[in-house]
Amino acid sequence: MAFDLKSALSTIAPTLATMLGGPLAGTAVSAIVGALGLPSGSGADDVTKVLQTGTVTPEAMAAIRAADQKHAEVMAQQGLDVAKMNLDFQSAQTLAVIDDRKDARKANSNRDAVWWIAVVILATFAVMMGAVLYGCWMLLQGGITIKDVSVVAAISGLVGSVVGYVAANAQTVVNFIYGGSLGSEKKTDALAASVQQAIGTAK
């Protein structure tokens, strides 16, 4: 399961964790970066790596709690409802995505070239997934001999990235034709991660 930074912080820094879900995410990350003593310019990925290692010192943990309390006080003084801000922000994003898809359908639905491109993308995705599944089956059956673990790690990362890219484009085609949920991007990321894990566990 992927590491969820927001969930990891929810118990020790609930205000900062809530801020991560909306327009104040950058402010929250900056506060956590400062509390952890990370270099200037570090981002959410750097914070995630530190928390994943479990090497956060008691002093750093106390600094995160202090930063959380400070931000909570500021929000209260300004009368800001972070949860409502997040909801409004997400609603605005949802409406923007819906409008974008409506405009795309209106502009391209009557163009034959668009449908041929869609066919090519979906066919590429089907062939690629078939190849990946066959490769995983061969690994499990012992038909492919692994000689260098480091090479397997590199290949699994590359395959996962390519699958994620093609899957994202295939999902875009499906959303264009049938409509789709806004959580589709997460599904494609999960698919790419699953491919990497499947190849990695066969090392």
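What share of the contacts in the protein between residues at least 6 apart in sequence join residues at least 24 apart? I found 69%, among contacts between residues at least 6 apart in sequence, where contact means heavy atoms within 4.5 Å.

**Basis.** I worked from a predicted model, in which local features need pLDDT of at least 70 and side-chain atom pairs count only at pLDDT 80 or more, while totals for chains, interfaces and linings use all residues. Residues are numbered from 1 along each chain as its sequence is written, and side-chain values use heavy atoms, with hydrogens and water left out.

**Overall make-up.** I counted nine helices and zero strands in the protein; helices (H or I, at least four residues) and strands (E, at least two) are DSSP runs, numbered from the N terminus. I noted that 28% of the 203 residues count as buried. Buried means under 20% relative accessible area, exposed over 50%, and partly exposed in between, with a 1.4 Å probe and protein chains only.

**Nonpolar core.** I looked up the largest nonpolar core and found 25 residues in it. Such a core is a set of buried Ala, Val, Leu, Ile, Met, Phe, Trp, Tyr and Cys residues joined through side-chain atoms within 4.5 Å. Leu 9, Leu 16, Met 19, Leu 36 and Val 47 have the most contacts inside this core. At least two core residues come from each of helix 1 (5–9), helix 2 (14–19), helix 3 (25–36), helix 4 (44–53) and helix 5 (58–78). Helix 3 gives the most, with seven residues. For Val 47, I listed contacts with Leu 5, Ile 32, Val 33, Leu 36 and Leu 38, leaving aside neighbours within four places in sequence.

**Helix 3 against helix 5.** I found that the axes of helix 3 and helix 5 come within 8 Å and cross at roughly 145°. Axes are lines fitted to C-alpha atoms, for helices over the stretch in contact, and angles run from 0 to 180 degrees between N-to-C directions. Thr 27, Ala 31, Ala 35 and Leu 36 in helix 3 meet Ala 60, Ala 63, Ile 64, Ala 67 and His 71 in helix 5. I also looked up Ala 62, which is found in helix 5 and is partly exposed, with a relative accessible area of 42%. Its C-alpha atom is separated by 8.4 Å from that of Ala 35, 27 residues apart along the chain.

**Ser 42.** I placed Ser 42 in the loop between helix 3 and helix 4. Is Ser 42 buried or exposed? Ser 42 is buried, because its relative accessible area is 18%. A polar atom of the Ser 42 side chain lies 2.7 Å from the backbone oxygen of Pro 39. Not counting residues up to four places away in sequence, Ser 42 touches Val 29 and Val 33.

**Helix 7.** I recorded 30 residues in helix 7 (residues 112–141), which reaches 44 Å from its first C-alpha to its last. This is close to the 44 Å expected at 1.5 Å a residue, the expected span being 1.5 Å times one less than the number of residues. Ala 118, Met 129, Val 132, Cys 136, Met 138 and Leu 139 are buried in helix 7. Gly 142 follows helix 7, and its phi is positive, near 85°.

Terms used: A polar contact is a pair of N or O atoms within 3.5 Å; within protein, one must be able to donate a hydrogen and the other to accept it, and residues adjacent in sequence count only if both atoms are side-chain atoms.
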